[in-house]
Amino acid sequence: MAAATHTATTPVRLSEYYFPTLKETPAEAELASHKLLLRAGFMRKTAAGVYTLLPLGWRVVRKIEQIVREEMDAVDAREMRMPILQPRELWDESGRWNDYGPELMRLHDRHEREFCLGPTHEEIITALIAADIHSYRQLPFCLYQMNTKFRDEIRPRFGLLRGREFLMKDAYSFHATPESLSEYYEVQAAAYGRICDRMGLIWRRVEADSGQIGGKVTAEFMALADAGESDIVYCDCGFAADIEVFQGDQSDEARAAAADEKQAGECVPDVDATPAVCPTCGQALQRARGIEVGQVFEVGPKYSQAMGVNYTDESGVEHPIIMGCYGWGITRSLAAAVEQHNDEAGIIWPVGIAPYEVCVIRLGDDEAVAAAADALAAELASAGVEVVIDDRAERPGVKFNDADLIGWPVQVVVGARGLAAGTVEVKLRATGDKHDVACAESATHIQALLS
Ligand code: ATP
Ligand code: MG
């Protein structure tokens, strides 16, 4: 487990916190992540596909944003901020005012000027750089933002996995040559892998590149989960593909063989044309469903051509600027993490994105117990551990249940019986492992668990 911070913090008292938990599962929620984020008081629904993030949910968002920010900064992308409100004229220039369809949230101002709420920002950024970038000497560079996006999704189900208002990190890189773009595309893809790892996601990079001429170069980062909407095949060697793209890519012989097999009346399961072996290493392929948490894309000159954005090369010749786009779903990846890490009792936060790392559960309101719980929390906090104290006037059972539902990675029970023996009980949410630790060593012990 890797602790998120090392700067001193202050313990947070749950008696003064706002995390309204629910006993019953809200009827509209089908998926574990949706149910648990509502039940554990991380969010509330405001309208279909529109959520309020409560303090716990917002803290996780900020943890994810910080991971993404660090990884973007590390690949020389520069954070900026673009408006959500976007004028129609820019979307007319790219042709997408018509092409985008009903997912685009459209509105107009008091002068009847038309706008949309940005579902993505290619138009804004292309128009932005058009005014300032003219020479190959100014390329390449990459800009990114964390911002709210709007898409009027036809089926805004599944909570944060498919919202109509959601948070995305979107990065855009600009290049003089396709080689420069391809090189940077891989740098971004590597950053995406690190983001997945730091978030504790079980993931695969899925090439959407069909390899055919005119095929687009793009990869999707998939969090493996049964709730996912994508069907993928993958192999331990690292190969992974969307099942449809993969079947489309099979050789004619393989397709013919699969067809023969079907005609011969063989018992072949559902997605029957799936060949059993990996095209890279020959091992048996595995199948899974995936949630797309991010996508990297070699867009090329599409927008710069449509919007007339050129640079001049060394010999004074003009060319369209070449672009790459890199989207990461902040709120979707939060839900994907919960989808992967939960049990009957609740959420099991990976420590890197947990709202807080440790919950000190105070049993009863005995003064000595309260003093010991406060002292332990203060010691942990001063060492940079993010800690809450459950100092509410609730029964032990309620506190234990809430702790498991919310999913604090480390729970420390401080009670009169343990104190009499000079110990506290430390529980790891992920494994359920419980052990007694001497009071004097407890802070050091917990820090070691988190490092
Ligand atoms: P999908 O196919 O799932 O609709 P997309 O391919 O249209 O997604 P992109 O345009 O690639 O999405 O957006 C970048 C990232 O933004 C996605 O990888 C996903 O993580 C996130 N995202 C897209 N749509 C939504 C949504 N409706 N709710 C939450 N996150 C979303
Ligand atoms: Mg996508």
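Is Asp76 buried or exposed? Select Asp76 and see. Asp76 counts as exposed, because its relative accessibility is 51% and the cut-off for exposed is over 50%. Keep in mind from the start that this is a predicted model.

**Stop 1: the whole chain**

Zoom out before going further. The protein chain holds 14 helices and 24 strands. Its C-alpha trace spans about 80 × 65 × 45 Å along the principal axes. The chain has 451 residues, and 49% of them count as buried.

**Stop 2: back to Asp76**

Select Asp76 again and show its backbone. Asp76 sits in the loop between helix H2 (55-74) and strand S4 (77-79). Its phi is positive, about 65°, although Asp76 is not a glycine.

**Stop 3: Phe158**

Now select Phe158. Here too phi is positive, near 65°, in a residue other than glycine. Phe158 belongs to the loop between S8 and S9. Is Phe158 buried or exposed? Phe158 is buried, with a relative accessible area of 13%.

**Stop 4: Leu139 and Pro140**

Select Leu139 and Pro140 together. The peptide bond that joins Leu139 to Pro140 is cis, and its omega is near -5°. Pro140 lies in the loop between helix H5 (122-130) and strand S8 (141-150).

**Stop 5: ligand 1**

Select ligand 1. The space it takes is the largest pocket. Strand S9 (165-175) and strand S14 (286-300) are the elements that give two or more residues to the shell around ligand 1. Which of the elements gives the most to that shell? S14 does, with 4 residues.

Next, show the residues around ligand 1. There are 14 of them, and Glu153, Arg162, Gly163, Glu292 and Arg332 come nearest. Check these contacts one by one:

- Glu153: a polar side-chain atom lies 2.7 Å from a nitrogen atom of ligand 1.
- Gly163: a backbone N or O atom lies 2.8 Å from a nitrogen atom of ligand 1.
- Val293: a backbone N or O atom lies 2.9 Å from an oxygen atom of ligand 1.

Now switch to a surface view. On its own, ligand 1 has 580 Å² of accessible area, and the protein covers 80% of that.

**Stop 6: the magnesium ion**

Select ligand 2, the magnesium ion. Which residues coordinate the magnesium ion? Glu292 (OE) and Gln295 (OE1) do, at 2.0 to 2.2 Å. Glu292 is also listed with the residues that come nearest to ligand 1. Glu292 counts as partly exposed, because its relative accessible area is 25%.

**Stop 7**

Select Gly364. Gly364 is in the loop between strand S20 (358-362) and helix H11 (367-382). Its relative accessible area is 43%, so Gly364 is partly exposed. Gly364 and Pro396 are 32 residues apart in sequence, and their C-alpha atoms are 7.7 Å apart in space.

Move on to Asp374, which lies in helix H11. Asp374 counts as partly exposed, at 28% relative accessibility. Asp374 and Val360 are 14 residues apart in sequence and 8.6 Å apart in space, C-alpha to C-alpha.

**Stop 8: helix H12**

Finish at helix H12, residues 396-406. Which of its residues are buried? Lys399, Asp402, Ala403, Asp404, Leu405 and Ile406 are. Look along the helix axis as you select them. An α-helix has 3.6 residues a turn, so residues three or four places apart point the same way.

Notes: Residues are numbered from 1 along each chain as its sequence is written. Chains are lettered from A and ligands numbered from 1 in the order in which they are written. This is a predicted model: local features need pLDDT of at least 70, side-chain atom pairs count only at pLDDT 80 or more; totals for chains, interfaces and linings use all residues. Side-chain values use heavy atoms; hydrogens and water are left out. Donors are N, O and S atoms within 2.8 Å of the metal (3.2 Å for Na, K and Ca); water is not among the atoms, so sites may look incomplete. Buried means under 20% relative accessible area, exposed over 50%, partly exposed in between (1.4 Å probe, protein chains only). A residue is near a molecule or strand if one of its heavy atoms lies within 4 Å of it. A polar contact is a pair of N or O atoms within 3.5 Å; within protein, one must be able to donate a hydrogen and the other to accept it, and residues adjacent in sequence count only if both atoms are side-chain atoms. Accessible areas come from the Shrake-Rupley method with a 1.4 Å probe; for residues, only the protein chains shown count as cover. On a 1 Å grid over the protein atoms alone, a cavity is a set of points where a 1.4 Å probe fits but cannot get out, and a pocket is an open set with protein on both sides within 12 Å along at least five of seven lines; lining residues have an atom within 4 Å of a point. A molecule sits in a cavity or pocket if more than half of its atoms lie within 2 Å of its grid points.
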